Structures are given as C-alpha cells and as structure tokens.
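Here are my notes on the model you sent over. Have the viewer open while you go through them.

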Amino acid sequence: MNILFYASAIIAIVATLMAITRVRVVHALLYFIVSLLALAVIFYTLGAHFAAALEVIVYAGAIMVMFLFVVMMLNLGHATIDQERDWFQPRIWIGPVLLATPLLAELLLVIHKVEGEMAHTVIAAKQVGIDLFGPYVLAVELASMLLLAGLVGAYHLARK
C-alpha cells in the first residue's frame with residue numbers, strides 16, 4: 001500500500017503543478033480532475049473509503065465536469081472552432097492520459113487483491129459526519145479550498 005500511496009501522491013503533485021501552469025483553461029481543468037482522482041486514491045489508501053468515494057463522485061465527477069462544460073460553453077464563437085479542433089488532438093490528451101493510466105492500474109490492482117465478498121455493513125449518517133469532521137476535517141477543508149480556487153479561477157477566466 002505504501003507504493004500505491006506514494007505513486008498517487010506523485011501523480012497528484014505533478015497533475016496539480018500542470019493544472020497551475022497551463023495557459024488554456026480546459027487543459028488546466030483536465031489536469032485538475034486527474035489531481036482530484038489521485039487524491040481520492042490517497043484517501044482510499046489511508047482507509048478513508050467514504051471520503052475517497054465522495055472525492056470521485058462529488059468533486060472530480062460532478063463539479064469539475066460542470067466547470068469543464070461551463071468554460072467550454074462560454075467560449076462560443078467562430079474563433080473558438082479552430083481552438084476546439086486543437087483540443088481534440090492527441091498531443092493535448094497525452095499528459096492527462098499518462099498521469100491517469102497509473103491510477104487506473106492501481107485501481108485494478110486494488111480490486112484484484114480484494115478476496116471474497118465485501119462486507120455489507122450499514123453506516124449511519126451521524127458516523128459519516130463524525131468521521132468527515134473529526135479525523136478527516138483537514139482533508140475535507142483542503143478539498144473545499146481547491147474547489148473554491150477552481151470556481152474563482154473559472155469566473156475570472158471566463159468573464160469578458
């Protein structure tokens with residue numbers, strides 16, 4: 001599990017740096033999504049399975065995809081048609097794919113190592129709240145700060 005943790009941490013750092021240094025907003029958002037997925041793997045390796053699932057479903061899944069579509073929709077016009085053609089070239093997708101492939105391999109490795117049937121236990125909402133705002137409060141607050149930074153950045157980059 002240590003190798004999985006450190007590999008995910010390196011991917012998260014590299015993807016976050018790439019998100020910060022990209023000039024085009026769509027490229028930055030793609031790297032940011034990879035960074036959030038790597039953060040979910042880190043949560044999983046630390047034993048916070050529910051926080052990892054929330055990271056994937058809420059942050060990387062719903063909110064970042066919404067940012068991606070909003071930014072793409074705000075750039076409508078004749079000048080952006082050529083820009084959109086450039087976005088779909090393979091050289092644009094190589095970086096995010098290279099960073100996301102090890103995460104997929106790690107996920108398949110973890111799934112393969114699970115033996116037998118997973119336990120079917122019911123966890124109360126109160127326990128989830130205690131866990132998220134107890135030992136994992138720093139992770140929740142960091143994820144919310146990343147979301148706020150993405151929202152402010154998308155607003156400033158999309159306004160005219």
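1. Which residues of α7 are buried? Ala139, Ala143, Gly150 and Ala154 are the buried ones, where buried means under 20% relative accessible area, exposed over 50% and partly exposed in between (1.4 Å probe, protein chains only). They sit on the same side of α7, because the arc they cover around the axis is only 45°, taken from the directions from the helix axis to the C-beta atoms. On the other side of α7, Leu138, Met145, Ala149 and Tyr155 are exposed.

2. A word on provenance. This is a predicted model, so local features need pLDDT of at least 70 and side-chain atom pairs count only at pLDDT 80 or more, while totals for chains, interfaces and linings use all residues. Numbering starts from 1 along each chain as its sequence is written, and side-chain values use heavy atoms, with hydrogens and water left out.

3. The length of α7 checks out. Its 22 residues at 1.5 Å a residue should span 32 Å, and the end C-alpha atoms are 31 Å apart, which agrees; the expected span is 1.5 Å times one less than the number of residues.

4. Overall, the protein chain has 7 helices and 0 strands. Both are DSSP runs numbered from the N terminus (helices H or I, at least four residues; strands E, at least two). Of its 160 residues, 31% count as buried. Take the contacts (heavy atoms within 4.5 Å) between residues at least 6 apart in sequence: 72% of them join residues at least 24 apart.

5. Now the packing. The largest nonpolar core has 28 residues, and those with the most contacts inside it include Ile11, Val34, Leu36 and Met64. Such a core is a set of buried Ala, Val, Leu, Ile, Met, Phe, Trp, Tyr and Cys residues joined through side-chain atoms within 4.5 Å. At least two of its residues come from each of α1, α2, α3, α5 and α7, and α2 gives the largest share, 11 residues. Leaving aside residues up to four places away in sequence, Leu36 touches Glu55, Tyr59, Ala60, Met64 and Leu146. A second, separate core of 8 residues has Ala40, Ala48, Ala51 and Leu132 among its members.

6. Last, the aromatics: the structure holds 1 aromatic pair. The ring centres of Phe5 and Tyr6 are 5.3 Å apart with planes at 75°, so the pair is edge-to-face (centres within 6.5 Å; planes under 30 degrees apart are stacked, over 60 edge-to-face, the rest tilted). Phe5 is partly exposed at 24% relative accessibility, whereas Tyr6 is exposed at 53%.

Key: Rings of Phe, Tyr and Trp (its six-membered ring) pair if their centres lie within 6.5 Å; planes under 30 degrees apart count as stacked, over 60 as edge-to-face and the rest as tilted.
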